[in-house]
Amino acid sequence: MEWTGLNDLREHFLSFFEGKAHTRLASYPLVPQDDASLLLINSGMAPMKKFFLGLATPPNKRVTTCQKCIRTPDIENVGKTARHGTYFEMLGNFSFGDYFKHEATAWAWEFLTKELKIPAEKLYISVFESDDEAWDIWVKEVGIDPSHMVRFGREDNFWEIGSGPCGPCSEIYFDRGPDKGCGSPDCHVGCDCDRFMEVWNLVFSQFDSDGAGNYTPMAHPNIDTGMGLERLACVMQGVDNLFEVDTVQNIMKHISRIAGVEYHQDHEKDISLRVITDHVRSTTMMIGDGVVPQNEGRGYVLRRLLRRAARHGRLLGIREPFLYQVADTVIGENKTAYPELVQNRDYIVKVIRMEEERFAKTIDAGLEQVNDIIAGLTEKGEKVFPGADAFRLYDTCGFPIDLTKEICAERGLTVDEEGYKANMEEQRTRAREARKALGDLGWTEDALKDMDITTHFVGYDRMESQGTILAMIAGGELADSIGDGEEATIVLDETPFYAEMGGQVGDTGVITCGSAVFEVTDCRKSPTGHFVHTGKMKSGVLTKGDRVEAKVDRDRRTSIMRNHSSCHLLQAALQKVLGAHVHQAGSYVDDKICRFDFSHFSAMTDEELKKTEELVNEMILEANPVTATEMPLEEAKKIGAMALFGEKYGDTVRVVDMNKRSIEFCGGTHVDNTAKLGLFRILKESSVAAGVRRIEATTGWGVLRYMDETAGILNTAAQTLKLGSPSELVEKAAQMTAELRAKDRKIAEEEQKLAAMQVDGLLAGAKAVGSVKLLKASFTGSKPDALRTICDAVRAKDPAAVAVLTSVTDGKGTICVACGPDAVAAGVVAGKLVKALCALTGGSGGGRPDSAMGSAKDVAKLPEVLDKAEETILPLLK
């Protein structure tokens, strides 16, 4: 066999199976599409599940892919060994009821031994213990020496997850040689040592399990195979692990150059190099597929990986952001297989850099506190890091619990995770679970899952249509009829009701039959394609099979269409005003607003918002015709249609074209001319997450309502200030601002005088503590600025003074400390002193060496702060 690069191996595999009449599919995005059971795609089979379960029709019964995957159950172990990684690519060939064991085994053997020329004597095969069919095929048809065959039990060689398709599997192992083994005379395939490496897993899905131990043979069994691309590269390049594969090594070498270290020279540095190399591969791919750093879900996985990599950069001595530089190498090494990385390069690099810079502000303060706490625990001989402290670090510094655990583990400590969770639970004010798509949708799916019924949507062209009731669900069960007052779900054979999809809300309206009226309050599309009309019977009775009139609320739908069309114009305008990096990151459209989330790295300026709004209104007033056309995906790309970032599309797509001003893939409903939007108004611009901004806007009647509301507010303000007209508000506001500033200056002058008077009294009562003079006092009702003014005056009047002042205002406690230059030279630093004093109350603080301030969590302990000021100062003196 010859040395082969990872990128060449990928192409060789896919081309080989194309030659076996397989359709090559591009890797699906790492963000699962229509699969809430997964946070991130973690196997080559995961995106194919819909085909195996019959929920969708594959483009061919034979498919081959190289799928990007992320697995994160053992993040802590990544780097500690060369075996673990979070990102990998999975090669696979799939048969959906077409070929089976004979072809799957023969082609696997052909690819490895004929195409790649791996010596047959280096390969071993395992089969399920009772799968005699697979054993005979391997031995009698493929020609495997029985001495290279082994049988394993259910745990190793039977693939099953709950109920559904399952079956035995056959694995192909590569013998790396005795020098990689454990030295045991009975070392064999399945041994825990590194000699025999699993390369390819062939799953024979031939049974349908009921989840209770009963297996029914499938009429059309399937094939699902998976081979790790990096593992195959290890074999073909003769290296020990994925970190030594050519493309991965190039990434590690970039990190080594930045850090000024070499791999295989220092054990601890090798761990950090592996951590950073793996994590920057994962994060680059995740961001490229639309994941953004957040504090929950897949966004948290991304943030955790980035921050763990950044921390290991610190361990290598890298103090400045650097991961964004390495991301360029990741993109370069993968651009042939994933050209979208190059297209999104600027966005990926900016997201990583912003997260690095954000974490840099967190990590130094957090590390200092972690080290202080660990030092205190070590001094006491304690081995458990308190959960309350771990939570405080997270709450006040944003320091992740995962890093606290990792640092503690390195020092031989554990973290009280239960205590941490208890503190977190006390603070939590909102549920983390995503809003359920529909309260009784699960019941609806159970009731309809075995019914061969479909709904034809006619709502692009009509808002009224006739249809037949195919099914009704009331109380979670199928019903033959529903009566007055009953809440129910109805499925029709034809409907004009748009089901909530793509950010556009579902339609409302009525379904009628004579005098019977069913009020539709929502319409959703279930994962299996049923249009589900939810609502309540207002009068009469409806029966399954009735011929009914379905009528959408025309005014509401028209407003929704205006707002949806404005979203398209808004994206086009944003790309002109802000740049081509703008991508849609989410949207929500109803009859009131258009909410558009997009990739951008800072708040929009007033001028940018003004230009964007003007550009959208310009496109509206041009009266551009709007057309929606279904066309092949490749044709849509050629005309420049914009796709949703990270979305996966079929071979045929629907393209909404607004006279070339905006061309987007979209399945929603739209006006037929931009002039029908009336006017467009931006209501708000805000941040959603790191690198993601949000604009809320409205059109048509919404703009008129906004104008009316604004006029009402201005009239009320003018009346309150006793003005003749709202036009006088600006002048009045300027006048009042000037008056308030003058009063603020006067108050400040009086405070200075008061401070000067109080300083003399404080200095007279000062107590000598070593070489410094301690002044302490409590002021009830004094604001923090007043305390600071007094402190500044004390410091200016006596260079040896140390002032400790406290105050309670509106129930909030403040501690202010000032140290003269001689006191600072003597070792009394204001920042350290205020931190220690605030800690007595459960609060926190900090500042400069000569002036610092903090908050007191428990104001009842402020007297204790003054009492213990002297004993807190003494250890600080040099």
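Helix 18 (residues 606–621) has 16 residues and spans 22 Å from its first C-alpha to its last, close to the 22 Å expected at 1.5 Å a residue; the expected span is 1.5 Å times one less than the number of residues. This is a predicted model, in which local features need pLDDT of at least 70, side-chain atom pairs count only at pLDDT 80 or more, and totals for chains, interfaces and linings use all residues. Residues are numbered from 1 along each chain as its sequence is written, and side-chain values use heavy atoms, with hydrogens and water left out. Helices (H or I, at least four residues) and strands (E, at least two) are DSSP runs, numbered from the N terminus.

The buried residues of helix 18 include Leu609, Thr612, Glu613 and Val616, where buried means under 20% relative accessible area with a 1.4 Å probe, protein chains only. An α-helix has 3.6 residues a turn, so residues three or four places apart point the same way. Helix 17 (554–577), strand 28 (680–689) and strand 29 (692–699) are what the buried residues of helix 18 pack against, contact being heavy atoms within 4.5 Å. Ala623, which follows helix 18, has a positive phi near 55°.

Elsewhere, six strands form an open sheet of mixed pairing, in the order 30-31-32-33-35-34; two strands pair if DSSP finds at least two bridges between them. Strand 30 (767–769) and strand 34 (845–847) stand at the edges with a single partner strand each, so one side of each is left without a neighbour in the sheet. Strand 30 runs antiparallel to strand 31 (residues 772–780), joined by three bridges, and Lys767 has Leu774 of strand 31 as its bridge partner.

Technical notes: Buried < 20%, exposed > 50% of the residue type's maximum accessible area, 1.4 Å probe, protein only.
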